[in-house]
Amino acid sequence: MSTVKRIIQGMLLLSSGRKEGLAFFEGTTNALGAAMAPQLAFVLVGGLQVFLQPDKVMELVKLLLSFCVLLVPLVVTHAYARHWGREGLWLRYMTAATWCNWMIVLVSLTCTILAVLLFPALVKEPAFMVALVFVATAYEMWLQWFVARVGLELGAGRAIVLYLSVLLACFALYAIAALFPPHYLFMHDILQPMVSGTQH
């Protein structure tokens, strides 16, 4: 429980813009593996469900894409860390960045719960979901930039380059999945709930 408490404290500190939160994370392969375990578990569960879906090929593509997108930040950030002479800081940074991804989910969930309790009519409006996605995306961009800057001891410009490189690599994977059969259009999955909400 002491380890869990330290991780939560580190996440809360970093997510509020306090660089001392980095010290609450360990810079070991075991710590990084523990940080990635929840996301890998989701991918594994998805793999177990592939053969229960009608379009097995498409579901398999989605599964492989999820796995690749999970690994892309590790590959890209490690390459930059080595190039910039920050390889010794990379494990702690990547551990912190991986755990901090859950803060995006927490912030989105908190905003939704508050809206349901305080402004229930607002939640039914399609614009609410659009605004929530925009706010969550903006916060995710800032948080990952901040953790990269603190974790790898980078300047603001290099931290932006690092984040954008990870983002572009992920977009490239989605573009490849869309271009080649069976043509998985990930934007359709993202926009479909919003379109459905508008129609209702």
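A salt bridge is a side-chain nitrogen of Lys or Arg within 4 Å of a carboxyl oxygen of Asp or Glu. This structure holds two salt bridges. It is a predicted model: local features need pLDDT of at least 70, side-chain atom pairs count only at pLDDT 80 or more, and totals for chains, interfaces and linings use all residues. Residues are numbered from 1 along each chain as its sequence is written, and side-chain values use heavy atoms, with hydrogens and water left out.

Start with Arg-18 and Glu-20. Their side chains meet in a salt bridge, at 2.9 Å from N to O. Glu-20 is partly exposed, at 37% relative accessibility. Partly exposed lies between buried (under 20% relative accessible area) and exposed (over 50%), with a 1.4 Å probe and protein chains only. Arg-18 is also partly exposed, at 44%.

Next comes helix 3, residues 56-83. Helices are DSSP runs of H or I, at least four residues, numbered from the N terminus. Lys-62 pairs with Glu-59 in a salt bridge, and their closest N and O atoms are 3.7 Å apart. Both residues lie in helix 3, three residues apart, about one turn of the helix. Lys-62 has a relative accessible area of 24%. Glu-59 has 24% as well.

Now turn to the surface. Leu-109, Ile-113, Leu-114, Leu-117, Leu-118, Phe-119 and Leu-122 form a nonpolar patch there, with about 720 Å² of accessible area together. Such a patch joins nonpolar side chains (Val, Leu, Ile, Met, Phe, Trp, Tyr) within 5 Å, from residues with over 30% relative accessible area and no salt bridge. Accessible areas come from the Shrake-Rupley method with a 1.4 Å probe; for residues, only the protein chains shown count as cover. Helix 4, residues 87-118, gives the largest share of the patch, five residues. Ile-113 lies in helix 4 and is partly exposed, at 44%.

Note on methods:
Patches are made of residues with over 30% relative accessible area and no salt bridge: like charges are joined within 9 Å, nonpolar side chains (Val, Leu, Ile, Met, Phe, Trp, Tyr) within 5 Å. Helices (H or I, at least four residues) and strands (E, at least two) are DSSP runs, numbered from the N terminus.
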